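I opened this notebook to record what I looked up in the structure. The entries follow in the order in which I made them.

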Amino acid sequence: MTKYRFKSEALDAAMRLIFTDEEIDRVIDERWNQDGASSFFFWGPGGLMISVDRNAVIGNPVYVRNVWNCYPQIVPPTEDLWLTQTTDNDYRILYWRKDAASGSGRWIDPNSSREALDSHVAAFRELPAQMPEGNK
């Protein structure tokens, strides 16, 4: 069963004749987090290419490792430090803390332990791996 549907029943039926649920999920998951991605491109048999506008998709995007994830549409899967991009195109390292009572979470500045403005975070991703000791 796919995570996504298309708003138009005719488009939904046509896409499922050509593509499997797994193919639809893969294409949408890969492009959902790309900056400025307004369409999803599906490549079918015989060089067929179908472009679907982002607004035609119904579903819940999921966290994808090693790419920028749109916030608040997607929330961090774990309490940890994350590289965030703000609405002002600044980059900050913030800590994501889950709130057990509400089931949601909030961003915390690790330097001050104060809550960061949620509305300023536009995207997040994992911190890059540390350089191996032998390479320093």
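**Entry 1**

The model I was reading is a predicted one. I then looked up L17 by itself and placed it in helix α1, which spans residues 9-18. Is L17 buried or exposed? Its relative accessibility is 77%, and exposed means over 50%, so L17 counts as exposed.

In helix α1 I also looked up D12. D12 has a relative accessible area of 16%, and because buried means under 20%, D12 is buried. I recorded a polar contact of 3.1 Å that joins the side chains of D12 and R16.

**Entry 2: the nonpolar core**

How many residues does the largest nonpolar core have? I found 22 residues in it. Those with the most contacts inside this core are F6, M15, I28, F42, V57 and W107. I then asked which elements supply it: β1 (4-6), α2 (21-32), β2 (39-43), β3 (49-53), β7 and β9 each give at least two residues of this core. The largest share, 4 residues, comes from α2. As background, I wrote down that in soluble globular proteins nonpolar side chains tend to be buried together.

**Entry 3: the open sheet**

I turned to an open sheet formed by 5 strands, and I read their order as β5-β9-β6-β7-β8, with antiparallel pairing. Which strands stand at the edges? They are β5 (69-70) and β8 (105-108); each has a single partner strand, so one side of each is left without a neighbour in the sheet.

I followed β5 to its partner. It is joined by 2 bridges to strand β9 (residues 121-125), and the two run antiparallel. For C70, the bridge partner in β9 is A123.

**Entry 4: loops between the strands**

I next went through the loops. Between β5 and β6 (80-86) I found P72. The peptide bond from Y71 to P72 is cis, with omega near 15 degrees.

In the loop between β6 and β7 (91-98) I looked up N89. What is the phi of N89? It is near 65 degrees, a positive value in a residue other than glycine. N89 is exposed, since its relative accessible area is 53% and the cut-off for exposed is over 50%.

The loop between β8 and β9 holds S113. Here too I recorded a positive phi in a residue other than glycine: S113 has a value near 60 degrees. S113 has a relative accessible area of 59% and is exposed.

**Entry 5: R65**

My last entry concerns R65, which lies in the loop between β4 (57-59) and β5. At 56% relative accessibility, R65 counts as exposed. Which side chain does that of R65 join in a polar contact of 3.1 Å? I found that it is the side chain of E126. I also looked up R65 against Q85: the two are 20 residues apart in sequence, and their C-alpha atoms are 16 Å apart in space.

Conventions: Residues are numbered from 1 along each chain as its sequence is written. This is a predicted model: local features need pLDDT of at least 70, side-chain atom pairs count only at pLDDT 80 or more; totals for chains, interfaces and linings use all residues. Side-chain values use heavy atoms; hydrogens and water are left out. Buried means under 20% relative accessible area, exposed over 50%, partly exposed in between (1.4 Å probe, protein chains only). Two strands pair if DSSP finds at least two bridges between them. A polar contact is a pair of N or O atoms within 3.5 Å; within protein, one must be able to donate a hydrogen and the other to accept it, and residues adjacent in sequence count only if both atoms are side-chain atoms. A nonpolar core is a set of buried Ala, Val, Leu, Ile, Met, Phe, Trp, Tyr and Cys residues joined through side-chain atoms within 4.5 Å.
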